[in-house]
Amino acid sequence: MSKPIQLPSDETFVLNVGPQHPATHGVLRIKMRMDGEYVSEAETVIGYIHRMHEKMGELKTYQQFLMNLSRLDYLGALGYCHGHVLVVEKAGGIQVPERAEYIRVITVELNRIASHLFGVGSYIMDLGGFSPLMYMLQDREYILDMLEAVTGARLTYCYYRFGGLYNDIDDTFIARARAFIPRCRESLKKYHKLVTENIIFRKRLEGNAYLSQEICRKYGATSAVARGSGINYDVRKNEPYSVYPEFDFDVPVFTEGDSMARYKVKMAEIEQSLRIIEQGLDKLPGGPIMAEKAPKNIKLPVGDYYQAVEAAKGSFGIRLVSDGSKNPYRLKLRSPSYSNMSLFDEACRGLMIMDAMAFFGSLDLVVPEIDR
Amino acid sequence: MSLTLFNVLAAVIIIVAFVALNAAYLVWAERRGAGRIQRRPGPNINGPFGLFQPPLDGLKLMAKQLLIPNNTDKAVFITAPVLAMFPAIMSFVTIPFSDILVAHNINIGLLCVFAFASMGGMSLFFAGWSSRNKYAMMAAVRAVSQSVAYEIPMLITVITVVMISGSLDLREIVRQQSGNFLHWNIFPLLGNSHNLLMPFSFLIFFICSLAETNRAPFDLGEAESELVAGYHIEYGSMGFGLFFMGEYANIVVGASLATLLFLGGWACPFGLFPGVWWFLIKVYALIATVIWIRWTFPRTTIYSLLNLSWKVLIPLSLFNLLLTAGLLKVF
Amino acid sequence: MIRTNILNSLRALFPEADTVVETPPPPTPEEESGEKKKAGKAAKPAPRVNGMLERDYTVHGYHIDAQVSPEQLLNAVTILDQQQFFLETITGVDWIDDQQLEAVYDFSHYGFEPCRVVIRVRIPRDNPKLPTISGIYQGANWHERETFEFFGIVFEGHPHLVPLLLPEDADYHPLLKDFKA
């Protein structure tokens, strides 16, 4: 729990990490009260790129708000778009063709891999190893090129529509996706050799910043943060949505609770996402990609609706309150990084600043998503 | 060798030019090398292979304003970057490039080099202290504890070599290693010592020189991800440029010393045609290794760095020293 | 299992057990007719009374919907904490027509039986005050600060109730329906 930091009267001093700091990857500020190299207290200050997406949601119609969702987490945007279309389709009773749902899952998982590659890569860069980021970016480029061809955007997608998709995937996409799977598996082996087995890397991460299951629960942590602490929670499995029940995949869980476990979860998730993509491409049904009776002007019945999806950074939830008009009455975005970040203040106490930054990186945060 | 004014001037110019050019072009080499390692071209726009990049970078840095933050200790703030470059240049006064190519040989040359090298830590401390910046201050504290911790095993290792050679004269040390590579101090078979642990000695020396020059994975003084830029955070313009070049100049000194002490200096690996080119080849091979290490390893933490020194390297080097002493007594 | 447990525990909050609406959820005509319901803000229903609903998960995305009074809030949250729920989010809704503010607490469970619980509290719009739950769920700290700055709901006992996402000196509440930029 963060408390206001008083002016130190002893030998401690306040260190302002951020808002412009190489390790925060965006504008985020952590007021750290330092005792030498040790962090004795930390207060995270966020909101530097707050854009009030929730108000925009109230002012825009449902369709107009589609493109806002990819501005939350620009690295794994499709997962967030997925949540939005799902909640509106659920509330409006819009049936989605199966093919569209499969393509959604395939693209979401590709996007998840891209996000994880970038997240892990920049995490390693935070630890001082620059080269793995470049290798991972190369794999990520491959995905972005692929997604650009079908969605028309590299990062800020607006690909999903209520009732289907904007564009069907073609044979080129399928061929490239199929080629990507063995390629990514090969490079994963390389990353494990270069990074996971690296002695310096292991010494820094193993035992770094232990998070108990209790603290994860109290702060509502999800994604790798919870799964690295032995909590087997993945919305795709625990609350299956879309066509995820049709896929055979595992949820990687590590019980160590340290930064290494959080890192390993992300690496293992890339492998599982590859499995999902592989099965999705095999099972991909034919048919239309857009519901025939998809309404042009969407007006949802009165009531409130909640939809959680497993986005790249964790469990992303949308709470939609509708009053029957063409705008949402209230649209709450529950962003996973927000909850994951909020436990940093408590968990980083007593760590040395190097370890605190290693811990910070292992939370895999994207600042625009925290600030919304 | 009689020291005429002309000789002195020539030596100064050559040394300064050598160190400065090395520092500038090692930046280029590092960026190209990093590019190679990371599957990207690196600087390749300015001139053939991007070779004009270093002078242009220098021009850009010189064109910038040297900002001195408020409330700093101005004298110390300005001295620090000079001190970063100065010891490296001074060290080359006594470092021989070959049997005849040396600015001024003195019979305690090794001592002289280390006396200058220990000033390097002072520059980091001055910079961090005078910047009035918390990041810089923390970096300065780190840099001092780091250089204290690593100077000890380094010097103990050097004492081992000095005991084998029985001289502090760098030329004499190399002369004793002449012949093929089995005579070198790193390989104990035909050399003066029969200590089989000498490769470890070399390793200790190499690690220590990495740590002394603040190179990755021991670049804790400028640890980007938490201390932003560390001790030189408040420096811009050529102040920063001097720190940057000083780092590379110190690498050259470290690599030269490792070559002289362990790798037979200008001796050819096969006992043929000794000469200055062998010295340079060995030095640049070591520098390439340093660059390679930087782009492969993540950064260590300050406590594992100190643990490595106090709990591993110092006991090992002490043991090695005793073993060498014993072996020298026996044989 | 968890769902039944939590239903039973939460029901204890409402001593007048007869008034509690349980299964099935009272299907308003809008809900049943789905999307074909014509829009129109005619005839706003009266504000909901405190009580519990078991909602249709496939439509609403959550299972249990309990509206409690501010005094019952801490009890309800304690019950959820004892059942190992985690806090998804806290938010507010401005029911300006009823002159009420609603704080919505979303809880979920790490287990494999999906169970989402929504706790709602309705408070008067002119004097929005609620007890903080950050003593029970430390993660509520940020969520409450966010709800405070967006809606002006004051969480009494909160350790550090200043704006989180808005500037430190922000004295406006942008998500209120009568907010004009």
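Two residues are in contact if their C-beta atoms, placed from the backbone, lie within 7 Å. By this criterion, 25 residues of chain A are in contact with 23 residues of chain B. The model is predicted: local features need pLDDT of at least 70, side-chain atom pairs count only at pLDDT 80 or more, and totals for chains, interfaces and linings use all residues. Residues are numbered from 1 along each chain as its sequence is written, while chains are lettered from A and ligands numbered from 1 in the order in which they are written.

**Stop 1: chain A against chain B**

Select strand S1 (13-17), helix H3 (98-126), helix H4 (131-151), helix H6 (199-205) and helix H13 (353-362) of chain A; each supplies at least two residues of the side that touches chain B. Helices (H or I, at least four residues) and strands (E, at least two) are DSSP runs, numbered from the N terminus. This side of chain A comprises 14 nonpolar, 6 polar and 5 charged residues. Here Ala, Val, Leu, Ile, Met, Phe, Trp, Tyr, Cys and Pro count as nonpolar, Asp, Glu, Lys and Arg as charged, and the others, Gly among them, as polar.

**Stop 2: chain C against chain A**

Next, display chains C and A, where 39 residues of chain C are in contact with 46 residues of chain A. Among the elements of chain C that give two or more residues to this side are helix H2 (29-33), strand S3 (85-95) and helix H5 (140-151). The largest share, 6 residues, comes from S3(C).

**Stop 3: the sheet of chain C**

Now select the strands of chain C: 5 of them form an open sheet in the order S1-S2-S5-S4-S3, with mixed pairing. Two strands pair if DSSP finds at least two bridges between them. The edge strands, S1 (51-54) and S3 of chain C, each pair on one side only. Inspect S2 (residues 64-68) and S5 (residues 117-124) of chain C, which run parallel and are joined by 5 bridges. Within this pair, Ile64(C) has Val117(C) as its bridge partner.

H5(C) lies across S3 and S4 of chain C, running at about 5° to S3(C); axes are lines fitted to C-alpha atoms, for helices over the stretch in contact, and angles run from 0 to 180 degrees between N-to-C directions.

**Stop 4: around Cys81(A)**

Finally, select Cys81(A). Not counting residues up to four places away in sequence, Cys81(A) touches Leu66(A), Leu69(A), Ser70(A), Tyr157(A), Tyr159(A) and Tyr160(A).
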